[in-house]
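I opened this notebook to keep track of what I looked up, one topic at a time. Have the structure open beside you and follow along.

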Amino acid sequence: MSEPGDTSVISDISAHHQRWRLALGKVTHRVESLSHYRHEGRVTRATGLVLEAVGIRLPLGSACLIELSSGSGRDDERYAEAEVVGFSGDKLFLMPLADTSGLLPGARVLALSGNRLDIASARRFPLGDGLLGRVVDGNGRPLDDHGPLEHAPHAPLDTPPINPLARAPIDTTIDVGIRAINGLLTVGRGQRMGLFAGSGVGKSVLLGMMARFTDADVIVVGLIGERGREVQDFIENILGEEGLARAVVVAAPADTSPLQRMQGASYATRLAEDFRDQGRDVLLIMDSLTRYAMAAREIALAIGEPPATKGYPPSVFAKLPALVERAGNGKRGGGSITAFYTVLTEGDDQQDPIADSARAILDGHIVLSRQLAESGHYPAIDIEASISRAMPAVVDTRRLRQAQGFKQMISRYQRNRDLINVGAYISGQDPQLDRAVALYPRLETFLQQRMDEIAKLEHTRAELDRLIPIDDTSPSTTKP
């Protein structure tokens, strides 16, 4: 039996253990309530679009938070998300993703540690089928009123590049529902095309028609740097309910930061990659590649990179192919991304540096003519100036010769248009021109199409056969 003194000792030990557990619980609570950020620096300079910070080391492209004053006299903490876009010595250059009103000298810069805080999850973007029919911003946050995307799988934007030798070849035709493109500028599944146009010539309407009519499983639309009014107009009046039902729209309008505009383009591409990796055929529409380049220029100039061609720093021309090369076919037996990028030609100048660079890295270009648009010719596709580089790989020789014959007649008529209009041309001198003059009204009708009219590939080819019949006994071999 225990002595009375032993019972007292045991009671004291038990009480000591109880006090120790309470103290440990308090310490644990304090540790768990500490900040989830591992590094902290201070803002030393804020000029233009870029902030400078010291006292913190972060790699390029990493995310951080900048402390903002609430301006109300309360101790409420507000933060603006930013990204590291450069450094010089021990100084970091930060580009905010949103407005930084309330920023004070010496404001704290906090490194995101990759925990599961809501604000940290913005660096991992929602993907998957849950986004179909939704409109989101460049951060993946919903812009519509259909609820949050908390249950969608999240992933970072960066993906490893596909080995070019592992990609499936472009050997299958895709039906885009546009007669002039299907017949004369045939697009292959996995091809990347540029839509070159000035302002106000109908490029948005043409994109909307392709979004509604193209034979694709999923459509991803990136509206980058456009006016806010045009975003809603494109969704409601051009894309429509039918197109939106199988689409994801990423909108980063002109009033957002240049970093968010660039991020919006990367996010739209990342969404398309995710659907492609699931084995689906994706149509990626990005309006516009030029606004993406302009956003990259703003950032590069803000951190001190010297301008080169027409004010564009060299890094801009390195970012364009890095973005475009992510589209295209996946590995053999997988899905595909057929991409259309609009390229704004300032003053309809086809030698604009961005237009010239885009022409070199894309698989073809469709040029919209202001002259045709002003004459009421829609879609205003300049067939003579447009080309599809993948067309010889997806159609047989007969169809290729048929398209070439169509273009030759259009070109021959246009070269002699002035003579024909003033009555100086005498028929019978040039049989080929006589045929072009006789067929021109039908050729012009073939190139025109109402925005609510769909032109299927087989119907387009039947019309071409009536316009430009080719002897079936001529040699014809199918491209592999």
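**Entry 1: the cores**

Before starting, I wrote down what I mean by a nonpolar core: a set of buried Ala, Val, Leu, Ile, Met, Phe, Trp, Tyr and Cys residues joined through side-chain atoms within 4.5 Å. I also noted that this is a predicted model.

I looked up the largest nonpolar core and found 59 residues in it. I181, F340, I366, I381 and F406 are the ones with the most contacts inside this core.

Leaving out residues up to four places away in sequence, I listed L184, L443, F446, L447, L464, L467 and I468 as what F406 touches.

**Entry 2: the whole protein**

Next I collected some totals. I counted 14 helices and 17 strands in the secondary structure. Of the 480 residues in the protein, 49% are buried.

I turned to strand 3 (residues 63-68). Is this strand largely enclosed or open, and why? I call it largely enclosed by the rest of the structure, because 5 of its 6 residues are buried.

Strand 3 pairs with strand 4 (residues 78-88) in the antiparallel sense, over 6 bridges. To find my place in that pairing, I used L65, whose bridge partner in strand 4 is E81. Strand 3 also pairs with strand 6 (residues 108-111), again in the antiparallel sense, over 3 bridges. There I used C64, which stands opposite A111 in strand 6.

**Entry 3: T338**

I found T338 in strand 15 (residues 336-344). Its relative accessibility is 0%, so I put T338 down as buried; the cut-off for that is under 20%. What does the side chain of T338 reach? I found the backbone nitrogen of G190, at 2.9 Å. G190 is also among the residues that T338 touches, along with I174, V187, G188, R189, Q191, V282, L283 and L284, when residues up to four places away in sequence are not counted.

**Entry 4: two cis peptide bonds**

One joins D287 and S288, with omega about 10°. S288 lies in the loop between strand 13 (281-287) and helix 6 (289-302). Another cis bond joins Y378 and P379, with omega about -10°. I located P379 in the loop between helix 9 (370-374) and strand 17 (387-388).

**Entry 5: N416**

My last stop was N416, in the loop between helix 11 (397-415) and helix 12 (417-421). Is N416 buried or exposed? With 18% relative accessibility, N416 counts as buried. I also noted that a polar atom of the N416 side chain lies 2.8 Å from the backbone oxygen of R412.

Technical notes
Residues numbered from 1 in each chain as written. Predicted model: local features only at pLDDT ≥ 70, side-chain atom pairs only at ≥ 80, totals over all residues. Heavy atoms only, no water. Buried < 20%, exposed > 50% of the residue type's maximum accessible area, 1.4 Å probe, protein only. Contact = heavy atoms within 4.5 Å. Helix = DSSP H or I, 4+ residues; strand = E, 2+ residues; numbered from the N terminus. Pairing = 2+ DSSP bridges. Polar contact = N/O pair within 3.5 Å; in protein donor to acceptor, adjacent residues only side chain to side chain.
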